[in-house]
Amino acid sequence: MQKWNIGDTVVHGRDGVCVIEDITEMTVAGGSRPYYVLSPVYDKGGRIYVPADQDNGDVMRAPLSRDEINSLIDSIPNQDSAWIDNEKVRQKEYAKVICEGDNADLISVISALFEKRTEKEHAGRKFHAADERMLSEAQKILHGEFAYVLGISPEEVPGYIHTRLHADSK
């Protein structure tokens, strides 16, 4: 079980990059236990409480390094599309990926949704609103972590990715 300290930066599921503001005792269901108090970096005023006395590896992890981010970006052209034709299955599977926050899976989902949106736009058709929400949420999580580590704003992340992917073609 990994123990975190006050002031540590972590990535928390769909809430993204957070700073551990405090570790406090809380009484829940008649028992007292320690909780991490997380403050999302890009949601000022938000608070998240995560039990500190259990393995949090599935909901909290250290941010990637700059090298890990660049390696992940470099792998984008080699990824298979994660598009799922069945809408209900797609929504369920993509929601699971977003909750788990695995960056490689998020990139795969973002790529699939972005490709499908572009395809629909070229055909003069509308992109499904639920898919647009999934794309926005996945990008928010991924761009937040990349921005934090790279020292740029989340809005600058797509440009950073594009520049990195096309650096060799100059």
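Student: Which residues touch the most other members of the largest nonpolar core?
Tutor: Leu106, Leu113 and Phe146, out of 25 residues in that core. A nonpolar core is a set of buried Ala, Val, Leu, Ile, Met, Phe, Trp, Tyr and Cys residues joined through side-chain atoms within 4.5 Å. Buried means under 20% relative accessible area, exposed over 50%, and partly exposed in between (1.4 Å probe, protein chains only). This is a predicted model: local features need pLDDT of at least 70, side-chain atom pairs count only at pLDDT 80 or more, and totals for chains, interfaces and linings use all residues. Residues are numbered from 1 along each chain as its sequence is written, and side-chain values use heavy atoms, with hydrogens and water left out.

Student: Which elements give two or more residues to this core?
Tutor: Helices H1 (66-74), H2 (87-100), H3 (103-122), H4 and H5 (157-165). The largest share, 8 residues, comes from H4. Helices (H or I, at least four residues) and strands (E, at least two) are DSSP runs, numbered from the N terminus.

Student: What does leucine 106 touch?
Tutor: Val97, Ile98, Gly101, Ala138, Ile141 and Leu142, leaving out residues up to four places away in sequence. Contact means heavy atoms within 4.5 Å. Another core, of 10 residues, lies apart from the largest one, and Trp4 and Cys18 are among its members.

Student: Back to H4. How many residues does H4 have?
Tutor: 22, residues 129-150. H4 reaches 31 Å from its first C-alpha to its last, close to the 32 Å expected. That expected span is 1.5 Å times one less than the number of residues. Just after H4, glycine 151 takes a positive phi of about 75°.

Student: Which lining residues are closest to its centre?
Tutor: Of 18, they are Ile76, Ile110, Ser111, Phe114 and Ile161. H3 gives the largest share of the lining, 6 residues.

Student: Is phenylalanine 114 buried, exposed or partly exposed?
Tutor: Partly exposed, with a relative accessible area of 41%. Phenylalanine 114 lies in helix H3.

Student: And what volume does the second largest pocket have?
Tutor: About 250 Å³. Asp15 and Lys140 are among the lining residues closest to its centre.

Key
On a 1 Å grid over the protein atoms alone, a cavity is a set of points where a 1.4 Å probe fits but cannot get out, and a pocket is an open set with protein on both sides within 12 Å along at least five of seven lines; lining residues have an atom within 4 Å of a point. Grid points are joined across faces, edges and corners, and a volume is the space filled by probe spheres set on the points.
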